Amino acid sequence: MMDVPEEFGVHRLGWVSEDAKAALLGRADVFALPSKLDGFLIVFIEAMAYGCLCLGPRGYGCEDRIEKDGFGFVCDVDNDADVVATLMRLMEATESEDHAPSELVEKARKLYGFQRWRDDVRDLVARWTDK
């Protein structure tokens, strides 16, 4: 990945504590992780829960969770120009009148929150016990 000067507002933080992560995500507009090494969607779902728009790698299930659910965009992580163009698109989206972090938080809660998980488990158990 190319080096991006910090004056562009891009910070590579590496591992951070849970408290620091909550504070950082609470202040962030976007969460970008164009990586082939971290395919776990949980990091994106955490960012979504704070109202961040996300940039993730094409593949790894990110298209469904990020793009199709309206939480941001995916890019080809092997193509620096695509990463930059997609990040610029993401930044422009945060400046749109349609951008509403509180709506993203509510959507994330509905799609990925505990209530949804509990309802899905209840439905699954009901299907098993009905047979």
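This is a predicted model: local features need pLDDT of at least 70, side-chain atom pairs count only at pLDDT 80 or more; totals for chains, interfaces and linings use all residues.

Colleague: OK, what does the secondary structure of the chain come to?

Modeller: There are six helices and three strands. Helices (H or I, at least four residues) and strands (E, at least two) are DSSP runs, numbered from the N terminus. Along the sequence the pattern reads α-β-α-β-α-β-α-α-α.

Colleague: And how much of the chain do buried residues make up?

Modeller: Buried residues account for 27% of the 131 residues.

Colleague: Let's do charges. How many salt bridges are there?

Modeller: The count is eight salt bridges. A salt bridge here is a side-chain nitrogen of Lys or Arg within 4 Å of a carboxyl oxygen of Asp or Glu. One of them joins Glu 46 to Lys 21, with the closest N and O atoms 3.0 Å apart. That pair links distant parts of the chain: Glu 46 is in helix α2 and Lys 21 is in helix α1 (residues 18-27), 25 residues apart.

Colleague: Which residues are linked with those two in a network?

Modeller: Glu 18, Lys 21 and Glu 46 are linked in a network of salt bridges.

Colleague: Is Glu 46 buried, exposed or partly exposed, and why?

Modeller: Glu 46 counts as partly exposed because its relative accessible area is 25%.

Colleague: Where do Asp 119 and Arg 122 lie?

Modeller: Both are in helix α6, three residues apart, which is about one turn of the helix. Asp 119 is at 30% relative accessibility, so it counts as partly exposed. Arg 122 is at 49%, so it is partly exposed too.

Colleague: What about Arg 65, what does it form a salt bridge with?

Modeller: Its partner is Asp 69, and the closest N and O atoms are 3.3 Å apart. Arg 65 is partly exposed, with a relative accessible area of 29%, whereas Asp 69 is buried at 18%.

Colleague: Switching topic: how many disulfides does the structure hold?

Modeller: It holds zero disulfides, a disulfide being a pair of cysteine sulfur atoms within 2.5 Å. Cys 52 is in none, as the nearest cysteine sulfur, that of Cys 54, is 6.4 Å away. Cys 52 itself counts as buried, at 0% relative accessibility.

Colleague: Now the rings. How many aromatic pairs are there?

Modeller: The structure holds three aromatic pairs. Rings of Phe, Tyr and Trp (its six-membered ring) pair if their centres lie within 6.5 Å; planes under 30 degrees apart count as stacked, over 60 as edge-to-face and the rest as tilted. Among them is the edge-to-face pair of Phe 31 and Phe 44, 5.7 Å centre to centre with 80 degrees between the planes. Phe 31 is in strand β1 (residues 30-32) and Phe 44 in helix α2 (residues 42-49), so the pair links distant parts of the chain, 13 residues apart. Phe 44 is buried, with a relative accessible area of 0%.

Colleague: Which ring does the charged end of Arg 89 sit over?

Modeller: That of Phe 73, 3.7 Å from the ring centre. A charge sits over a ring if NZ of Lys or CZ of Arg is within 6 Å of the ring centre and within 35 degrees of the ring normal. Lys 107 also lies over a face, that of Phe 71, at 5.1 Å from the ring centre.

Colleague: Last one: where is Val 77?

Modeller: Val 77 is in the loop between β3 (72-75) and α4 (80-94). Val 77 is buried, with a relative accessible area of 15%. The C-alpha atoms of Val 77 and Pro 57 are separated by 5.9 Å, and the two are 20 residues apart along the chain.

Key
Residues are numbered from 1 along each chain as its sequence is written. Side-chain values use heavy atoms; hydrogens and water are left out. Buried means under 20% relative accessible area, exposed over 50%, partly exposed in between (1.4 Å probe, protein chains only).
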